[in-house]
Amino acid sequence: MKPVKVGICGLGTVGGGTFNVLKRNAEEIARRAGRGIEVAQIAARRPNPKCETGSTPITADIFDVANNPEIDVVIELIGGYTLAHELVLKAIENGKHVVTANKALIAVHGNEIFAKAREKGVIVAFEAAVAGGIPVIKAIREGLAANRINWLAGIINGTGNFILTEMREKGRAFADVLKEAQALGYAEADPTFDVEGIDAAHKLTILASIAFGIPLQFDKAYTEGITQLTTADVNYAEALGYRIKHLGVARRTDKGIELRVHPTLIPADRLIANVNGVMNAVMVNGDAAGSTLFYGAGAGMEPTASSVVADLVDVVRAMTADPENRVPHLAFQPDALSDHPILPIDACESAYYLRIQAKDHPGVLAQVATILSERGINIESIMQMEVEEHDGLVPMILVTHRVLESRIIEAIAALEALDDVVGNVVRIRVEQLN
Ligand code: HSE
């Protein structure tokens, strides 16, 4: 059988890795796919020194690839929302299958892209968009297809995890570690996407859609970054038996779906709490399988290429199948997607870590306890530290049981209004993940 012809758009880190893996493992990949896979064209603005492209035709214009009648599959690895969006729509319009690593594109424009792809009977595959080399999309969409998924939680931004790991292990300050993370080549072009949780929210949006069978709704994801975290809170969490991780959480409740990214205390003995450095992990809880954990490199040249090429193999295998018999883009049949709403953050439920800076007066603890108990907030643990020399204040650390977000916000306002409480109360969500 003739080889399938693919065009790679973008020869950066992931594009270069994809070319190299396709070349190095060509024989094994063909044995799996049932046909050879030939890179027939590359669109790149500049060569990649880590990639020997030999006689493969190169163009500077990505649309040459989308319009090339020889090409069966367009691999979009340019990133961003604008040009990538146009490119993918053009490729679909021309009847080409698409493989992409672009989480922002899928999270924001995925509903439109999949609808267009269905009209044209082509596949849009996006395993590499979430957690780099971890085949978590496939695991949820196919491997866990028997389950009613209850919740998932993931460390899905390597840059943020690297920063938190360094802060905890070496006591380093946030800004200093961010610079090093950027030098490692993991950070997004705009690093606020990493540290403010936008990148993680893109990925969480995609995971939630395939887990619960809902349309992609990035605009409804709650996103809180790690820029406000201090080494003091990292250390207090540690003393209480927790680790702070920047977690994406998607949970199904009767009222709706929680979709939230924020710093989170996790019991230190959970496997996922021990995922360090730039590594990623996603925990999925289904009613039949129970909890499963997927771990690996969340970015990088060849780990991400591994997912791109796996998608390519899937596309090649499915090319001759009737479109109705392919795995649906969002795991559930498009006419069976649910309209279960995404909950606003104040309707979400979580446990909370609170740090209160109080004056060293008798009765403060009693006032704090009263405010919480009046609002039905149950305290799980409490720790009062020694008076701090520099300001004479006493840090009071509390962990609550699960409570509605709106209720904790109310309690925090009341705490901050106390004469003996100074400054803002620090609040970090806590998840037991059991
Ligand atoms: N900036 C991302 C991260 C790259 O740090 O995880 C992979 O999406």
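I call two strands paired if DSSP finds at least two bridges between them. With that in hand I opened the model, which is a predicted one.

I began with strand β2, residues 37–43. How many of the 7 residues of β2 are buried? I get 6 of the 7, so β2 is largely enclosed by the rest of the structure.

Next I looked up the neighbours of β2. On one hand there is β1, joined to β2 by 6 bridges, with the two strands running parallel. On the other there is strand β3 (residues 58–59), which is also parallel to β2 and is joined to it by 2 bridges.

I then picked out Ile42 in β2 and noted who stands across from it. Ile8 is opposite Ile42, and in β3 the bridge partner of Ile42 is Ile58. A reminder to myself: side chains in a regular strand alternate between the two faces of the sheet.

**Salt bridges**

General point before the list: oppositely charged side chains can pair when their charged atoms come close. My tally for the structure is 33 salt bridges.

I looked at Lys5 and Glu70 to start with. Their side chains meet in a salt bridge at 3.8 Å, N to O. Which parts does this pair tie together? Lys5 is in strand β1 (residues 4–9) and Glu70 is in the loop between α3 (62–66) and β4 (73–76), so the link spans parts that are 65 residues apart in sequence. I also checked accessibility: Lys5 is partly exposed at 21%, and Glu70 is partly exposed at 47%.

Arg168 and Glu169 went down as another salt bridge, with 3.5 Å between the closest N and O atoms. Glu169 comes out partly exposed, at 46% relative accessible area.

Then Glu349 and Arg402, whose side chains meet in a salt bridge of 3.5 Å, N to O. Glu349 sits in strand β13 (residues 349–359), while Arg402 sits in the loop between β15 (393–400) and β16 (403–404), so the pair connects parts that are 53 residues apart in sequence. I have Glu349 as partly exposed at 35% and Arg402 as partly exposed at 38%. I followed the shared partners and got one network of salt bridges made of Arg251, Glu258, Arg260, Glu349, Arg402 and Glu431.

**Aromatic pair**

I searched for ring pairs and the count came to 1. The pair is Phe114 with Phe126, and the rings are tilted: 5.4 Å centre to centre, with 35° between the planes. Phe114 belongs to helix α5 (residues 103–120) and Phe126 to the loop between β6 (124–125) and α6 (136–143), so this contact ties together parts that are 12 residues apart in sequence. Are these two buried or exposed? Both Phe114 and Phe126 are buried.

**Cysteines**

I looked for disulfides and the count is 0. For scale, I required the sulfur atoms to be within 2.5 Å. Cys9 is buried, at 0% relative accessibility. I noted Cys348 as buried too, with 3%.

**Helix α8**

I went through α8 (residues 174–183) and marked Phe174, Val177, Leu178 and Ala181 as buried. They lie on the same side of α8, because they cover an arc of only 105° around the axis. On the face turned away from the buried side I found the exposed residues Ala175, Lys179 and Ala183. What covers the buried residues of α8? The cover includes α7 (158–170) and α9 (192–195). After α8 comes Gly185, and its phi is positive, near 85°.

Most residues other than glycine have a negative phi. I therefore wrote down the exceptions I looked at. Ala131 has a positive phi of about 60°. Ala131 is in the loop between β6 and α6, and it is buried at 0% relative accessibility. Ala331 also has a positive phi, near 75°, and I located Ala331 in the loop between α12 (301–318) and β13.

Note on methods:
Residues numbered from 1 in each chain as written. Predicted model: local features only at pLDDT ≥ 70, side-chain atom pairs only at ≥ 80, totals over all residues. Heavy atoms only, no water. Salt bridge = Lys/Arg side-chain N within 4 Å of Asp/Glu carboxyl O. Helix = DSSP H or I, 4+ residues; strand = E, 2+ residues; numbered from the N terminus. Buried < 20%, exposed > 50% of the residue type's maximum accessible area, 1.4 Å probe, protein only. Phe/Tyr/Trp six-rings, centres within 6.5 Å; stacked < 30°, edge-to-face > 60°. Arc of directions from axis to C-beta. Contact = heavy atoms within 4.5 Å.
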